[in-house]
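Hello,

Here is the structure for your files. My notes follow below it.

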Amino acid sequence: MFLFYSHVFFMTAGLLIMTAVVGVARFLRRKQWWLKIHRPAGITGAVCLSAGFATAVVMVYQSGDGQFEVPHAWLGLATVLCALAAPTLGYLQFKIRSKIQHLRLWHRRTGYAALILTLLSALSGLFVAGII
Ligand code: HEM
Ligand code: HEM
């Protein structure tokens, strides 16, 4: 049960942080401090989702069930991939200035995708757990 609660804890934290990360980028970009929040919060969100992913994999392994046998698991994998791609692309736009337009576009796309997928994963997780 400890792993299940850890999974839910990290994923809920990840969802709240991702909402704040995208919210700051979308609505508070005029504030001078927006990137000071957006950047570390984005990395923290990705770390939370990765920790939640690791606890889920160990939880399912220990239960003896097959891995990645429910749609929730695949949705979760896509979520974590987007949540890792977004900060990587966000960081790269400061490093590879010649490709900035392209990197910005894909940073936005993966950023929005990460938020939407996190929300859908959380809903499908509640469903898999029989809560809704
Ligand atoms: C999971 C982490 C992250 C997510 C989900 C995310 C998401 C987003 C989104 C959705 C936007 C576009 C907002 C809009 O439509 O106006 C944006 C913009 C931006 N983000 Fe992130 N971000 C993340 C991490 C980072 C990191 C780590 C950095 C910097 C190292 C960064 C730098 C930027 C910058 C500079 C912009 C403005 C780009 C532009 O003008 O299009 N982001 N981010
Ligand atoms: C962002 C949100 C979430 C993500 C990205 C996510 C991701 C995952 C992944 C990848 C697995 C499968 C691991 C494997 O098969 O090896 C999994 C399993 C599971 N998750 Fe989540 N999860 C999220 C939220 C939740 C929530 C909110 C709950 C419940 C309240 C939940 C309940 C479960 C359960 C019960 C399993 C085991 C399913 C099985 O028996 O195969 N998840 N999750």
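The shell around ligand 2 splits into 18 nonpolar, 10 polar and two charged residues. Here Ala, Val, Leu, Ile, Met, Phe, Trp, Tyr, Cys and Pro count as nonpolar, Asp, Glu, Lys and Arg as charged, and the others, Gly among them, as polar. The shell holds 30 residues, with Ala56, Ala73, Gly76, Ser121 and Gly125 nearest. Two or more residues come from each of α1, α2, α3 and α4. A shell residue has its C-beta atom, placed from the backbone, within 6 Å of the ligand. Helices are DSSP runs (H or I, at least four residues), numbered from the N terminus.

This is a predicted model: local features need pLDDT of at least 70, side-chain atom pairs count only at pLDDT 80 or more, and totals for chains, interfaces and linings use all residues. Residues are numbered from 1 along each chain as its sequence is written, while chains are lettered from A and ligands numbered from 1 in the order written.

Ligand 1 has 23 residues around it; Ala25, Gly42, Pro87, Gly90 and Gly111 are the closest. That shell divides into 12 nonpolar, seven polar and four charged. Again α1, α2, α3 and α4 each supply at least two residues.

Best wishes
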